[in-house]
Amino acid sequence: MSETYDAIVLGAGAAGLFCAATAGQRGKRVLLLDHADQVGKKILISGGGRCNFTNIHTAPDRYLSGNAHFAKSALSRYTPADFLDMVEAYGIAWHEKTLGQLFCDGSAKQIVAMLLEECARGGVTVHCGDALGEIDHADGHYRVAFGARAATAPALVIATGGPSIPKMGATGLAYDLARKFGLKVVQPRPALVPLTLPGAEALFRDLSGVSTEVVARCGKAAFREAALFTHRGLSGPAILQISSYWQRGQTVTTQFLPDRAEGWLKDAKRERPRASLRKVLGEGLPERLVDVLCERLGLSGELGAMSDKALAAAEAKLARWPFVPDGSEGYAKAEVTAGGIDTGALSSKTMEARKVPGLFVVGEAADVTGWLGGYNFQWAWASARAAGLAI
Ligand SMILES: Cc1cc2nc3c(=O)[nH]c(=O)nc-3n(C[C@H](O)[C@H](O)[C@H](O)COP(=O)(O)OP(=O)(O)OC[C@H]3O[C@@H](n4cnc5c(N)ncnc54)[C@H](O)[C@@H]3O)c2cc1C
């Protein structure tokens, strides 16, 4: 015997919880299923345990997708201010950390508790800890087996996210289901992920722990934030951001000392000919990094002894220091998965698959990937809201 509902939501992460709560509060009978022993595990570890739950600068151009227009509708109908209203209604204290990123003052647990309370207000049945079994569609109803039980509903919401951080329970189920129901999948890849450097760049890997502000560039994308050298390569916000745009074989450049005006090294030579390049670079960069940069530039000694041409070449290299990563640290370290269920088959207003009535895709499972800094949760809330209102 199957239990019957109006909707079954697969995945009790950010998007699944909010979608279930939204539909439940509209009077729909909703079953929310997750194989993990606990809901919202990624929310709990997000933002260093404080959950960067939205970004006030949310705009469609801060998302990567095969269809740049897809996210517009949902994002415009459920905004950061809307989510913030709910956070404040629950008395959760928050602050803006940097670049529009809003964090809890206390703990990410407060966000999960809020979402669970919203589900309870909507009468949502939450079931965790059992593996999902067969998922079928017949006679206008979806049937989902879980543990020793089964449920049916005319609506099924895929909210199982992407495969990043498998140890948190992430799987590729969303893509398997998409293929089963005839939806295309844009090749998934790790994003917001540290990049690895080949052996030839061992000097930079020796800088593990050194961090400095740069402008990281790849193709047309550019991010000004901190870069961090690691024992495997490059990380830090600027690199995580650029990793989402990076494809194997491409060069990532970092601009060191991004505030220096053009010609600054020649000016320094004129003003302080006795100063060494090491000293001048050390005025804006960590010492260990300066050592490696000077070694790579092949320049040492006083500025006055260097030709203007050599200084111009050094300056140009510092402004576009090239790194050719040989890979990334993969799904084990990726904050998100880029790619995913092709939005071409989905309604941007409701997240419903146009050719599969009653099938909805929300959150990271879809081919919509935000920048670092609260954008991914905002997409989870907005897409979940759109589907929750349409079920
Ligand atoms: C370390 C880390 C920190 C992050 N910090 C931030 C941040 O501060 N701000 C931000 O905006 N974004 C952050 N993100 C990204 C953000 O967590 C995700 O984009 C967001 O959680 C996606 O929501 P979702 O509901 O689509 O998927 P998820 O939150 O991943 O939820 C998917 C759910 O589906 C369940 N599931 C998966 N497979 C199955 C299966 N086979 N059967 C049953 N259930 C299944 C999972 O257990 C999970 O509960 C962070 C990510 C990581 C990994």
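Me: What makes Cys19 count as buried?

Reply: This is a predicted model, and in it Cys19 has a relative accessibility of 0%. Buried means under 20%, so Cys19 counts as buried.

Me: How do you know that Cys19 is in no disulfide?

Reply: Look at the sulfurs. A disulfide needs two cysteine sulfur atoms within 2.5 Å. For Cys19 the nearest cysteine sulfur belongs to Cys119, and that one is 9.5 Å away. The cut-off is 2.5 Å, so there is no disulfide. A search of the whole structure likewise comes back with zero disulfides.

Me: And what about Cys128, how do you know where it stands on disulfides?

Reply: The nearest cysteine sulfur to Cys128 is again that of Cys119, here at 10 Å. A pair has to be within 2.5 Å, so Cys128 is in no disulfide either.

Me: Why is Cys128 called partly exposed?

Reply: Its relative accessible area is 25%. Buried stops at under 20% and exposed starts at over 50%, so Cys128, at 25%, lands in between and is partly exposed.

Me: Which residues are in contact with Glu201, leaving aside its neighbours within four places in sequence?

Reply: Arg296, Pro322 and Phe323. Each counts as a contact because it has heavy atoms within 4.5 Å of Glu201.

Me: What makes a set of residues here a nonpolar core, and which members touch the most others?

Reply: The members must be buried residues of the nonpolar kinds, joined through side-chain atoms within 4.5 Å. The largest such set has 125 residues, and Ile43, Ile111, Phe204 and Trp381 touch the most other members. Helix α13 (residues 375–390) supplies the largest share of this core, nine residues.

Me: What does Ile111 touch?

Reply: Not counting residues up to four places away in sequence, Ile111 touches Ile43, Cys51, Phe53, Val87, Ile92, Cys104 and Trp381. There is also a second, separate core of six residues, among them Ala191, Leu192, Leu240 and Val336.

Me: How many of the protein's residues count as buried?

Reply: Of its 391 residues, 53% do, each one having under 20% relative accessible area.

Terms used
Residues numbered from 1 in each chain as written. Predicted model: local features only at pLDDT ≥ 70, side-chain atom pairs only at ≥ 80, totals over all residues. Heavy atoms only, no water. Buried < 20%, exposed > 50% of the residue type's maximum accessible area, 1.4 Å probe, protein only. Helix = DSSP H or I, 4+ residues; strand = E, 2+ residues; numbered from the N terminus.
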